[in-house]
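Biologist: Before we discuss particular residues, please show me the chain, and then let us go from its overall build to individual positions.

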Amino acid sequence: MEGYEKFKERVFNKTKLDLTLYKERQMKRRIESLITRHGLGDFDSYFKLIDTDKDSFDEFITYLTINVSEFYRNPSQWETLREDVFPAILKRNKRPKIWSAACSTGEEPYSLVMCLSEFMPLKDIKIYAVDFDDEALSKAQMGIYSEKSIKNVPKQYVDKYFEIVGKSYRIKDEIKRCVEFKKMNLLSDPYPKGFDMIICRNVMIYFTEEAKDEMYKKFYDALVNDGYFFVGSTEQIIQPQRYNFESSKTFFYYKR
């Protein structure tokens, strides 16, 4: 399908989202499936659609940012977090600063709050959570989830922190208040600093090696000394010392 290079330029001018930093074959295939779904034949006509129709634009951003999330995704890693990582962090900071980067529809930062609630009162917990997708952030702030998405949540947390609404589960306001959601482009916006832990999972796999190199450096700079970086199951960092990280537990790295 013709016109992808020009399409990337026009998307960047409109959104500041740089598609050249994503793996091209994968991203182009995703967008072409959207073009076909709308009965269009090229990138030019598709850009005209998303430039003039808000629903189509929102669909494009949501599809592009690959919002696949669930509570306590990969439960064994959350056990490591609870048994090893949080106790190490809390030894040196009783009110740790934690960042959920690419938080999608909120399952991850809310999972962090519930996990931390074993160690400290909710009033002292604050998770900074960012994503590029307005629709995902809106769903996160709404906090209503399907039964399937909470399948890994420990039962005591389901009983304590969720309300049943029809066939869905709504997370209680006392958990919501612990999370600050904000829109952010991880590829171009400046990174905040001073975090005891950053969690960025199942996102980096979509970016080019060059983009990942730059992001790892920025995540490193955003951590305090001995701060932890928690990545996804398919995102182990090869030679973490290249970025001055040291390997801790599997999928966990720390800054020295």
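**From fold to residues**

Modeller: The secondary structure of this chain, which is a predicted model, comes to 10 helices and 10 strands.

Biologist: How does the radius of gyration of the chain stand against the globule rule for 256 residues?

Modeller: For 256 residues the globule rule gives 18 Å, and the radius of gyration of the chain is close to that, so the chain is as compact as a globular protein of that length. Along the principal axes, the C-alpha atoms fill a box of roughly 55 × 50 × 25 Å. The radius of gyration itself is 19 Å.

Biologist: Which residues touch the most other members of the largest nonpolar core, and what does Ile31 contact beyond its neighbours within four places in sequence?

Modeller: The largest nonpolar core holds 90 residues, and those touching the most other members are Phe7, Ile31, Trp99, Phe219 and Phe229. Once neighbours within four places in sequence are left aside, Ile31 is in contact with Tyr4, Phe7, Leu19, Phe43, Tyr46, Phe60 and Leu64.

Biologist: Is Phe181 buried or exposed, and how far is its C-alpha atom from that of Ala129?

Modeller: Phe181 sits in strand 6, which spans residues 179-183, and it counts as buried because its relative accessibility is 15%, under the 20% cut-off. Its contacts beyond four places in sequence include Cys103, Tyr110, Leu137 and also Ala129. Although Phe181 and Ala129 are 52 residues apart along the chain, the separation of their C-alpha atoms is 4.8 Å.

Biologist: Where does Ile125 lie, and what is its relative accessible area?

Modeller: Ile125 is placed in the loop between helix 6 (107-116) and strand 2 (127-131). Leaving aside neighbours within four places in sequence, Ile125 is in contact with Val113, Leu116, Ser117, Met120 and Cys178, while its C-alpha atom is 9.0 Å from that of Arg177, 52 residues apart along the chain. Ile125 is buried, and its relative accessible area is 4%.

Biologist: Asn202 also belongs to a loop; which residues does it touch, not counting those up to four places away in sequence?

Modeller: The loop in question runs between strand 7 (195-200) and helix 10 (209-222), and Asn202 is buried there with a relative accessible area of 16%. Not counting residues up to four places away in sequence, Asn202 touches Arg73, Gly232, Ser233 and Glu235.

Biologist: What is the phi of Asp226, and what is the phi of Gln239?

Modeller: Most residues other than glycine have a negative phi. Asp226 is found in strand 8 (residues 223-231) and counts as partly exposed at 28% relative accessibility, whereas Gln239 lies in the loop between strand 8 and strand 9 (245-247) and counts as partly exposed at 46%. Neither is a glycine, and both have a positive phi. For Asp226 the value is about 70 degrees, and for Gln239 it is near 55 degrees.

Methods. Residues numbered from 1 in each chain as written. Predicted model: local features only at pLDDT ≥ 70, side-chain atom pairs only at ≥ 80, totals over all residues. Heavy atoms only, no water. Helix = DSSP H or I, 4+ residues; strand = E, 2+ residues; numbered from the N terminus. Rg over C-alpha atoms; globule rule 2.2 N^0.38 Å. Core = buried A, V, L, I, M, F, W, Y, C linked by side-chain atoms within 4.5 Å. Buried < 20%, exposed > 50% of the residue type's maximum accessible area, 1.4 Å probe, protein only. Contact = heavy atoms within 4.5 Å.
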